[in-house]
Amino acid sequence: LDKEAQWSYQQDLKRRLDYKAVLDYAIEEATKEGMEKGIDIGIEKGIDIGMEKGIEQGIEKGKREGLEQKAIEIAQKLIAQNFDNTTICTLTGLSHDIIESLKIE
């Protein structure tokens with residue numbers, strides 16, 4: 001590769017690695033947030049359906065909600081960077097329909 005192509009390749013690789021790091025961090029943070037929210041939900045539901053089962057369900061729901069919210073935030077940033085839908089779907093795990101709806105907002 002000539003110098004310009006090599007530089008372009010390195011910049012693209014750096015950008016992809018940076019986004020991978022952002023996604024990994026976001027997943028970690030979303031999991032923490034989801035756990036906290038899930039515990040709160042679990043405690044509330046635990047009164048009605050049994051404490052142990054309620055905490056477990058609340059934690060799972062909180063994790064899912066936290067991860068989905070973080071994925072949406074990341075997708076919005078990628079949309080602003082003009083990434084294509086397929087790449088955004090691959091990086092975030094969101095569907096094409098969700099990505100399209102975020103573009104409309």
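Q: Is Arg 15 buried, partly exposed or exposed?
A: Arg 15 is partly exposed, at a relative accessible area of 34%. Buried means under 20%, exposed means over 50%, and partly exposed lies in between (1.4 Å probe, protein chains only).

Q: What sort of model is this, and how are residues numbered?
A: This is a predicted model, in which local features need pLDDT of at least 70 and side-chain atom pairs count only at pLDDT 80 or more, while totals for chains, interfaces and linings use all residues. Residues are numbered from 1 along each chain as its sequence is written, and side-chain values use heavy atoms, with hydrogens and water left out.

Q: Which helix holds Arg 15?
A: Arg 15 is in α1, residues 3-49. Helices here are DSSP runs (H or I, at least four residues), numbered from the N terminus.

Q: And how far is Arg 15 from Lys 53?
A: Their C-alpha atoms are separated by 43 Å, with the two residues 38 apart along the chain.

Q: Other topic. At what angle do α3 and α4 cross?
A: Roughly 115 degrees, and the axes of α3 (residues 85-92) and α4 (residues 96-104) come within 9 Å. Axes are lines fitted to C-alpha atoms over the stretch in contact, and angles run from 0 to 180 degrees between N-to-C directions. The two helices are therefore roughly perpendicular to each other, a label that covers 65 to 115 degrees.

Q: Left-handed or right-handed?
A: The crossing of α3 and α4 is right-handed, meaning that the near helix is turned clockwise from the far one by less than a right angle.

Q: Which residues meet there?
A: From α3, Asn 85, Thr 86, Ile 88, Cys 89 and Thr 92; from α4, His 96, Ile 99, Glu 100 and Lys 103. Contact means heavy atoms within 4.5 Å.

Q: Where does Thr 87 sit, and what does its side chain touch?
A: Thr 87 is in α3 and is buried, with a relative accessible area of 19%. Its side chain makes a polar contact (a pair of N or O atoms within 3.5 Å, one able to donate a hydrogen and the other to accept it) with the side chain of Asp 84, at 2.7 Å.

Q: What else does Asp 84 reach at the start of α3?
A: A side-chain oxygen of Asp 84 comes to within 3.2 Å of the backbone nitrogen of Thr 86.

Q: What follows α3?
A: Gly 93, with a positive phi near 80 degrees.

Key
Angles under 35 degrees count as roughly parallel, over 145 as roughly antiparallel, 65 to 115 as roughly perpendicular and the rest as oblique.
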